[in-house]
Amino acid sequence: MGDERTDEELMLAYAGGDLLAFETLYRRHRGTLYRFLLRSLRHRADADELFQESWSRLVAARERYRPDAKFTTWLLQIAHNLVIDRFRRQRPQASPEETETVLRNLDAPESEQPERALSEFEQRRRLQLALEELPEEQRVAFLLRVEGGLGLEEIGEITGAGRETVKSRLRYALARIRARFQA
């Protein structure tokens, strides 16, 4: 059965040599981490690369881990720092065709009716386009909130912004996304 320990307990156990604890953490958080990276970077190859690098960094830092913040916050901060480094080196630009290809490959049950699948595809496409139009700070805050389920303080820790700044970024991001969906 599943390991009922908290993420923080699992990370401390992994730091002490428990490899099964790492496997549990990986299973729990791989989807959230990958979605965050894919939506932040927009290129599957870049997301794949930083996904691996995020886990490598986690492994390398395991002995320095302290449960001062939630494990998810720590993991997404590692990923966020890698994304920022990538943008500093070269800001990727996804073409509409690349965006559609990525969205087409998102998980969707095959048993769904074609009309529903098309509708959900259109919604995902509209969301992806809306995310692409957001300023970087708003997009990152929105993705950390939605994909990572993080609170204002945790997002602030990751991005280095104050609570009120994070709140403003989220409010503006949500307003822009709503406007895009109403158009």
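Me: Buried means under 20% relative accessible area. With that cut-off, which residues of H7 are buried?

Reply: This is a predicted model. In H7, the buried residues are Glu136, Gln138, Arg139, Val140, Ala141, Phe142, Leu143 and Leu144.

Me: What makes helix H7 largely enclosed by the rest of the structure?

Reply: The count decides. H7 spans residues 136-146, and eight of its 11 residues are buried, so the rest of the structure largely encloses H7.

Me: How many helices and strands does the protein chain have?

Reply: The protein chain has nine helices and zero strands. Read from the N terminus, the elements run α-α-α-α-α-α-α-α-α.

Me: What share of the residues in the protein chain is buried?

Reply: Of the 183 residues, 43% are buried. The accessible surface comes to about 10,500 Å², and carbon and sulfur atoms hold 49% of that surface.

Me: Why is Thr24 called buried?

Reply: Thr24 has 7% relative accessibility. The cut-off is under 20%. Thr24 falls below that cut-off and therefore counts as buried. Thr24 belongs to helix H2, residues 19-41.

Me: What is Thr24 in contact with, leaving aside its neighbours within four places in sequence?

Reply: Thr24 contacts Asp3 and Leu10, once the neighbours within four places are set aside. Leu10 is itself one of the buried residues of H1.

Me: Which other residues of H1 are buried, and what do they pack against?

Reply: Besides Leu10, H1 buries Asp7, Glu8, Met11, Ala13 and Tyr14. The buried residues of H1 pack against H2, H3 and H4. Just after H1, Gly17 takes a positive phi of about 110°.

Me: How do you know that Phe87 is buried?

Reply: Compare value and limit. Phe87 stands at 11% relative accessibility, and the limit is under 20%. Phe87 therefore counts as buried. Phe87 sits in helix H4. From Phe87 to Glu136 there are 49 residues in sequence and 9.9 Å in space, C-alpha to C-alpha.

Me: Why is Leu127 called partly exposed?

Reply: Leu127 has 22% relative accessibility. Buried needs under 20% and exposed needs over 50%. Leu127 lies in between, so the class is partly exposed.

Me: Where is Leu127, and what does Leu127 touch beyond four places in sequence?

Reply: Leu127 is in helix H6. Beyond residues up to four places away, Leu127 touches Ile177 and Phe181. Leu127 and Phe181 are 54 residues apart in sequence and 8.0 Å apart in space, C-alpha to C-alpha.

Me: What makes Arg163 partly exposed?

Reply: Its value is 40% relative accessibility. Arg163 is placed in helix H9. Apart from neighbours within four places in sequence, its contacts are Leu152 and Glu153.

Me: How do you know that H7 is roughly perpendicular to H9?

Reply: The two helices pack at an angle of about 95°, with axes 8 Å apart. Roughly perpendicular covers 65 to 115 degrees. The angle falls in that range, so H7 is roughly perpendicular to H9.

Me: Which residues make the contact between H7 and H9?

Reply: H7 supplies Glu137, Gln138, Ala141, Phe142 and Arg145. H9 supplies Arg169, Leu170, Tyr172, Ala173, Leu174, Arg176 and Ile177. By class, the contact has seven nonpolar, one polar and four charged residues.

Me: Which residues touch the most other members of the largest nonpolar core?

Reply: The core has 46 residues, and Met11, Leu33, Leu37, Leu58, Phe71, Trp74 and Leu144 touch the most other members. H1, H2, H3, H4, H6, H7, H8 and H9 each give two or more residues to this core. In soluble globular proteins, nonpolar side chains tend to be buried together.

Me: What does Leu33 touch, not counting residues up to four places away in sequence?

Reply: Leu33 touches Phe51, Ser54, Trp55, Leu75, Leu76 and Ala79.

Methods. Residues are numbered from 1 along each chain as its sequence is written. This is a predicted model: local features need pLDDT of at least 70, side-chain atom pairs count only at pLDDT 80 or more; totals for chains, interfaces and linings use all residues. Side-chain values use heavy atoms; hydrogens and water are left out. Buried means under 20% relative accessible area, exposed over 50%, partly exposed in between (1.4 Å probe, protein chains only). Contact means heavy atoms within 4.5 Å. Accessible areas come from the Shrake-Rupley method with a 1.4 Å probe; for residues, only the protein chains shown count as cover. A nonpolar core is a set of buried Ala, Val, Leu, Ile, Met, Phe, Trp, Tyr and Cys residues joined through side-chain atoms within 4.5 Å. Axes are lines fitted to C-alpha atoms, for helices over the stretch in contact, and angles run from 0 to 180 degrees between N-to-C directions. Angles under 35 degrees count as roughly parallel, over 145 as roughly antiparallel, 65 to 115 as roughly perpendicular and the rest as oblique. Ala, Val, Leu, Ile, Met, Phe, Trp, Tyr, Cys and Pro count as nonpolar, Asp, Glu, Lys and Arg as charged, and the others, Gly among them, as polar.
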